[in-house]
Amino acid sequence: MSLQKKIRVLVVDDSAVVRRMISDALSQDPEIEVVGSACDPYVARDMILQHEPDVLTLDIEMPRMDGLTFLKILQEHRPMPVVIVSSLTPAGSKVALRAMELGAVEVVAKQSSAWNIGSLRDQLAHRVKAAARARLSLLHPGALVSGVTESSGGVQFSPRQLLVIGASTGGTEAIKNVLARLPAELPGICIVQHIPPVFSRTFAERLNECCALEVREAVHGEEVCPGTALIAPGDYHMAVEWAATGYRVRLRQDPPIHFTRPAVDMLFNSAAQCAGHNAVGLLLTGMGRDGAAGMQQLKSAGAITLAQNEATCVVYGMPRAAVELGVVDRVVPLDHIPHAIIHALRERAPQASGALQAR
């Protein structure tokens with residue numbers, strides 16, 4: 001019998017039906033113990049003191065005190081990992097994104113009133129386990145630098161060059177800190193962040209407000225243009241392919257990989273096949289192994305591979321898996337990643353290749 005300490009979870013939601021669904025789903029995982037449920041933040045406050053949970057699942061819209069206000073108070077006085085369970089609407093997504101900016105670790109979507117335990121169990125348990133392992137002090141890796149801080153140095157990049165990025169737990173803030181410091185004159189960028197539907201669009205719109213690059217949610221069949229970063233929509237795998245003059249996005253609903261859709265492996269595998277040595281792959285913070293096998297394919301195809309280092313990861317899972325496979329060229333602190341990206345892209349730019357051949 002395993003003596004491993006179970007992750008203790010408190011469920012907070014004003015709906016008795018949702019509280020029961022979440023509790024039943026999590027209770028089926030042998031590594032998780034639901035210690036109680038609360039109908040509002042005031043009841044939750046008393047239960048936190050009584051049960052000392054490791055993780056909280058939190059609804060946003062509740063009586064007496066909304067989830068955002070409670071989250072602010074909680075993170076100020078009793079910081080703990082919080083998983084937001086939010087309605088799948090544009091308005092709900094904006095509030096959920098604000099919750100992550102305030103310190104929530106993960107977001108899981110309330111898909112419909114017909115929620116069933118089977119579809120909820122694996123995803124929610126995975127998010128709760130990730131939250132339990134998160135280093136809360138790294139959720140906000142410092143104030144976001146205003147404006148671009150890295151330069152392409154006037155390099156003319158090839159249309160065949162491509163940057164692919166994968167992230168999960170802690171990735172929304174990490175991606176923001178990387179993209180906001182990159183110049184617009186870069187090759188096309190494709191990003192998979194483990195994220196629910198609708199929330200991905202809100203995330204892309206928020207990034208677009210603070211980046212020199214154009215950032216938007218990907219659409220099936222669109223071209224991956226230079227100076228543009230495309231975010232995989234929640235609930236869709238994203239792949240890329242070369243089509244005559246440029247890369248195009250393919251959105252698919254194959255089964256989830258590593259309990260998630262979109263999956264980083266799907267993007268990385270496709271980039272290895274169509275971009276090969278012209279690709280640069282980057283793995284950021286996240287729990288699990290998603291992206292490691294895809295990065296192995298990128299490395300085998302001649303791509304340059306980068307990974308965030310352990311010291312700056314909220315959860316050092318995905319980068320660790322790739323490092324342990326021996327398929328990462330450079331392990332880099334979060335603050336140095338924009339420079340590492342540009343350096344890698346310059347290495348594969350036509351001028352750089354010509355200069356190397358001339359030596």
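User: Two strands pair if DSSP finds at least two bridges between them. In this predicted model, what makes strand E1 and E3 a pair?
Analyst: E1 (residues 7-12) and E3 share four bridges. The cut-off is at least two, so they count as paired. The sense is parallel. Val11 of this pairing stands opposite Thr57 in E3, and Val9 stands opposite Val55 in E3.

User: How do you know that E3 and strand E4 pair?
Analyst: E3 and E4 (residues 82-87) have three bridges, again in the parallel sense. At least two are needed, so this is a pair. Here Thr57 stands opposite Val83 in E4.

User: Why are E2 and E5 called edge strands?
Analyst: The sheet is open and runs in the order E2-E1-E3-E4-E5. Strand E2 (32-38) and strand E5 (106-110) each pair on one side only. Neighbouring strands are turned by 20 degrees against each other on average, direction ignored.

User: Which helices lie on the sheet, and what do they touch?
Analyst: Helix H2 (residues 41-51) lies across E1, E2 and E3, at about 145 degrees to E2. Helix H4 (residues 90-101) packs on the sheet and touches E4 and E5. The direction of H4 makes about 170 degrees with that of E4.

User: What makes both faces of E3 covered?
Analyst: Side chains in a regular strand alternate between the two faces of the sheet. In E3 (residues 55-58), Val55 and Thr57 point to one side, Leu56 and Leu58 to the other. All four are buried, which means under 20% relative accessible area.

User: Which elements make the right-handed β-α-β unit?
Analyst: E3, helix H3 (residues 67-77) and E4.

Note on methods:
Residues numbered from 1 in each chain as written. Predicted model: local features only at pLDDT ≥ 70, side-chain atom pairs only at ≥ 80, totals over all residues. Heavy atoms only, no water. Buried < 20%, exposed > 50% of the residue type's maximum accessible area, 1.4 Å probe, protein only. Right-handed = clockwise from strand over helix to strand, strands pointing away. Axes fitted to C-alpha atoms, helices over the stretch in contact; angles between N-to-C directions. Contact = heavy atoms within 4.5 Å.
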